Amino acid sequence: MQSRLLIVYHSHGWRTEALASAAMAGAQTCLEIEVHCQRAAATSVDDLLAAHGYLFATPECFGGMSGMLKDLFERAYYPIGDRLAGRPYACVVVAGQDGQGAVQGIERIARGLGLKKVQEASIVPSDQIELNRQNCEELGATLAFGLTSGLF
Ligand SMILES: Cc1cc2nc3c(=O)[nH]c(=O)nc-3n(C[C@H](O)[C@H](O)[C@H](O)COP(=O)(O)O)c2cc1C
């Protein structure tokens, strides 16, 4: 069965979406992976269950992850239970000033789901999107090759 990487993001503007797209482009350099990149609001419990690894991308909003990503976790938490346990994930947070609150929120929920953090969170200042496109491409590629090689 082909490995599937799910990139889930929310963006009020364009910045987080641009980095999610960069991560998708990087992941697609791995020919063995199936990559899905979609908004959190359009993501279902079944989408989460069907993937083998995850990249969560969000702007920081009011000191935490965006409400739309939190809504996905709220919708999914009880239905999923422990069925994602052991699967790898990473996250990207775009922030005007801080970003730590969003990272902490995602990591706390990911721990609750039993997900395995395979990269330290990337916090990208909102005025440094262009500088970080390549990093996000590399992150997407790392997740893809890690999944398909069995490294994770
Ligand atoms: C409603 C709102 C709340 C925000 N709260 C924070 C915050 O708590 N900390 C921070 O560093 N940036 C905050 N920001 C700035 C965004 O994180 C930043 O503009 C980000 O680049 C937006 O990404 P996007 O273009 O993908 O929507 C906030 C922005 C908005 C619109």
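Two strands pair if DSSP finds at least two bridges between them. Strands (E, at least two residues) and helices (H or I, at least four) are DSSP runs, numbered from the N terminus. By these criteria V93 stands opposite I123 in β6. The model is predicted: local features need pLDDT of at least 70, side-chain atom pairs count only at pLDDT 80 or more, and totals for chains, interfaces and linings use all residues. Residue numbers start from 1 along each chain as its sequence is written.

**Overall fold**

- The protein chain has 5 helices and 6 strands, and from the N terminus on its elements run β-α-β-α-β-α-β-α-β-β-α.
- The radius of gyration, taken over C-alpha atoms, is 14 Å, close to the 15 Å that the globule rule gives for 152 residues, so the protein chain is as compact as a globular protein of that length. The globule rule is 2.2 Å times the number of residues to the power 0.38.
- Taken along the principal axes, the box filled by the C-alpha atoms of the protein chain is roughly 40 × 35 × 25 Å.
- Two residues are in contact if their C-beta atoms, placed from the backbone, lie within 7 Å. Of the contacts in the protein chain with a separation of 6 or more, 83% are between residues 24 or more positions apart.

**Burial and nonpolar core**

- A residue is buried if 20 or more other C-beta atoms lie within 10 Å of its own, exposed if 12 or fewer, and partly exposed in between, with C-beta atoms placed from the backbone. Of the 152 residues of the protein chain, 45% count as buried.
- A nonpolar core is a set of buried Ala, Val, Leu, Ile, Met, Phe, Trp, Tyr and Cys residues joined through C-beta atoms within 7 Å. The largest one has 47 residues, and those with the most contacts inside it are L5, I7, L19, A23, L55 and C91.
- At least two residues of this core come from each of β1 (4-9), α1, β2 (34-39), β3 (53-59), α3 (67-80), β4, α4 (100-113) and α5 (129-149).
- Not counting residues up to four places away in sequence, L19 touches A57, V92, V94, V124, I129, N132, R133 and C136.

**Strands**

- In β1, 5 of the 6 residues are buried, so this strand is largely enclosed by the rest of the structure.
- β1 and β2 run parallel and are joined by 6 bridges; L5 stands opposite V35 in β2.
- β4 and β6 also run parallel, with 4 bridges between them.

- A residue is near a molecule if its C-beta atom, placed from the backbone, lies within 6 Å of it. Of the 19 residues around the ligand, G13, T16, P59, G96 and S126 come nearest.
- The elements that give two or more residues to this shell are α1 (15-27) and β4 (88-95), and α1 has the largest share, 3 residues.
- By class, the shell has 6 nonpolar, 9 polar and 4 charged residues. Ala, Val, Leu, Ile, Met, Phe, Trp, Tyr, Cys and Pro count as nonpolar, Asp, Glu, Lys and Arg as charged, and the others, Gly among them, as polar.

**Individual residues**

- F62 is in the loop between β3 and α3, has a phi near 50°, a positive value in a residue other than glycine, and counts as exposed with 9 C-beta neighbours inside 10 Å.
- K70 lies in helix α3 and is partly exposed, with 19 other C-beta atoms within 10 Å.
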